[in-house]
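Please keep the sequence and the model in view while working through the numbered points.

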Amino acid sequence: MEKLFGYAGTVLWIDLTSGGISRKDLSAETIRPWLGGTGYAARLLFDGVPPGADPLGPENLFILATGPLTDNVVPGGGSLSVCCKSPLTGGWGEARVGCDFGPELKRAGYDFVVLSGVSDRPLHIVITDGTVELRDGAFLAGRKVLEREKLVRELDGLEDHSILTIGPAGEKGVLFASVMVGHRAAGRIGAGAVLGSKNVAALSVKGTGRIAPADPAAWMREVRAAHGIVKENPNTPGFTELGTMGGYENSDRIGDLPTKNWQSNSWGKGEAVSSHFFGKNQVASTGCYKGCPMKCGRKVRVENGPWKTPEHDGGEYETVGSFTAYVLNEDVDCAVHCGYLCNELGIDTISTGAVIGFLFECAEKGLVSLEAGGGLDLSWGNGAVLPRLVEMIALREGIGDILADGVRRAAETIGGGAERFAVHVKGLEGPCHDPRAGKTLAVSYGTGNRGMCHIHPLETVAYDCSHTDFGLIPFGLPDPNQFGRWDEEGKGEATRILQDGGALPDILGTCKFYMYVGITPKEYAAMLSALTGWSVTGEELLETAERVTNLQRLFNCREGFGREQDRLPDRARSLPAFGKYAGSPESAVRNYDLMLDEYYDARGWDRKTGAPLEETLLRLGIEG
């Protein structure tokens, strides 16, 4: 049997119902077609979760996934993916969190942890190298995220462990509850609710082992070369100095900032919001894991006033956008405070802002009464009510109980035509990037396996608006300079390659932002070859990503998803009702079906059903 380099070589299985713990060895033959991360996790979920399984029931699997490049020395290697059947969408679910948990897990001897069943008592799972303990976790019940971490370290004596938790939202089964490592979130898909349904309050890990590369000298040479590329890239200083909020003002300018629940794609207040944030809220740059050379994370706070908030990890573009433009709130301090509350309660910031924007519009249209809204003033721009609504959603109180199920279900409950302005794809609320800024994003939103997501697989608006090619032109990506950002023909085919390229970091176990600072399939292949001893090319990596994308698609098809579930909401396709682009009819998505047909053809999927064709599966070696 071929020796496996670059991997811990083991999958840890924990049956929460019986308390049974088992280990399964990985082989090169098993792992190479999927490489790792969300790739092999897709294989595990497809094989292990029966069709129609309740996402919050015992048949769902909760998977912690690392990749071969999950290593603190790799640019972006402090990564962990969480995979499960999503309770929010009912389909494929994946979320990444930047942290030291992934590298620690590999050093402890495990590439993957798979949780099945449901525990009859709250658990704290502790992994210390080869030892796995199922400790009592009842002392964590009801606690907020940072308090949980503090108690784990103090009461369970785990000062040197990396700790993963849920918050009260996960316990309450909020369908977009997050999994948290400190104040870093694996959000969007409701993984926190899945972990809560399994009665797992926390997992802690410490590893002292070492992952052996096939060629240590070549490995370090390629890693250093990748670091050199990052250091010299002109985009790196911007990420370090400004983080993701550095793009807020530009997004507003180019029509990439969903405003007033997607009624527009620009607000006109981007400069004012950015000025306040960088002048009053940002404290420092920080990495989300030890050794990050880019340090795009933010330390933020609100020093004084009604929203006084301690220094914490937060202030991301998506969070600030969700609690400002989305709801017309100009109080940036309030937005930062809401992000802090979401982190402490373990709830996704994007979906939380989205359901509140949806609620405001319901109230405006008379679909939610003052009494039903708990007596709160649900007027556009009323920032004072936002923190209370965050708490109500996380704790499922009052109207928050309806919103905690996401906009798709909330619209069904509220009725009165609310579905017309419930902006989602496959049940996942839209984030703070707008496809009316660049049309590849329209197709990517519609066809993304986890739903209306800007980052899984890729924020493709950068291709349309910034002419960013991510080093994918040698692998067939059309030159972005040949398109205008509002062009539609040709964008379906481009989206396929952008998506496959964007899936690679999730498969390899790295941070996707390093694609913006010069790390391409070429560098990934060079590092992976030295690490594993395999002769890996960029072409093989793109084919692996295509294979993974198709298996995730099959998972969704098995759950009843098809072309209809790839529809982009009318609200996100229509001419903006106000703002800078209200008079620009070309900004509207005019022929979505044309782009979708192009995309299906490029993928080798059936135009009518959206399912992968048999010849596509045979070419990729996929057995359904």
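1. Ser251 touches Asp256, Leu257, Asn265, Tyr317 and His433, leaving aside residues up to four places away in sequence; a contact here means heavy atoms within 4.5 Å. Ser251 is located in helix α9, and helices are DSSP runs of H or I with at least four residues, strands runs of E with at least two, numbered from the N terminus. With a relative accessible area of 5%, Ser251 is buried. Buried stands for under 20% relative accessible area, exposed for over 50%, and partly exposed for what lies in between, with a 1.4 Å probe and protein chains only.

2. The model is predicted: local features need pLDDT of at least 70, side-chain atom pairs count only at pLDDT 80 or more, and totals for chains, interfaces and linings use all residues. Residues are numbered from 1 along each chain as its sequence is written, and side-chain values use heavy atoms, with hydrogens and water left out.

3. Ile14 belongs to strand β1 (residues 10-15) and is buried, at a relative accessible area of 1%. Among the residues that Ile14 touches, beyond those up to four places away in sequence, are Val113, Leu115, Ile125 and Leu134. Ile14 and Ile125 are 111 residues apart along the chain, and their C-alpha atoms are separated by 9.6 Å.

4. Helix α10 (residues 270-281) has 12 residues and should span 16 Å at 1.5 Å a residue; its end C-alpha atoms are 15 Å apart, which agrees. The expected span is 1.5 Å times one less than the number of residues.

5. Which residues of α10 are buried? They are Gly270, Val273, Ser274, Phe277 and Asn281. Seen down the axis of α10, these buried residues fall within an arc of 95 degrees, so they line one face of the helix; the arc is taken from the directions from the helix axis to the C-beta atoms. An α-helix has 3.6 residues a turn, so residues three or four places apart point the same way. Glu271, Ala272, Ser275, Gly279 and Lys280, on the other side of α10, are exposed. The cover over the buried residues of α10 includes α9 (248-254), β13 (282-286), β14 (297-302), α11 (317-322) and α12 (332-345).

6. Helix α19 (residues 491-508) packs with helix α21 (residues 538-558) at an angle of about 95 degrees, their axes being 8 Å apart. Axes are lines fitted to C-alpha atoms, for helices over the stretch in contact, and angles run from 0 to 180 degrees between N-to-C directions. The two helices, α19 and α21, are therefore roughly perpendicular to each other, a term that covers 65 to 115 degrees. From α19, the residues in this contact include Ile497, Leu504 and Ile507, and from α21 they include Leu541, Leu542 and Val548.

7. Asn199, in the loop between α6 (191-197) and β12 (200-206), has a phi near 65 degrees, a positive value in a residue other than glycine. Asn199 is partly exposed, at 25% relative accessible area. Asn261, in the loop between α9 and α10, has a positive phi near 55 degrees and counts as buried, at 1% relative accessibility.

8. Finally, a cis peptide bond joins His456 and Pro457, with omega about 15 degrees. Pro457 is part of the loop between α17 (440-447) and α18 (461-465). Most residues other than glycine have a negative phi, and most peptide bonds are trans.

Definitions and conventions: Angles under 35 degrees count as roughly parallel, over 145 as roughly antiparallel, 65 to 115 as roughly perpendicular and the rest as oblique.
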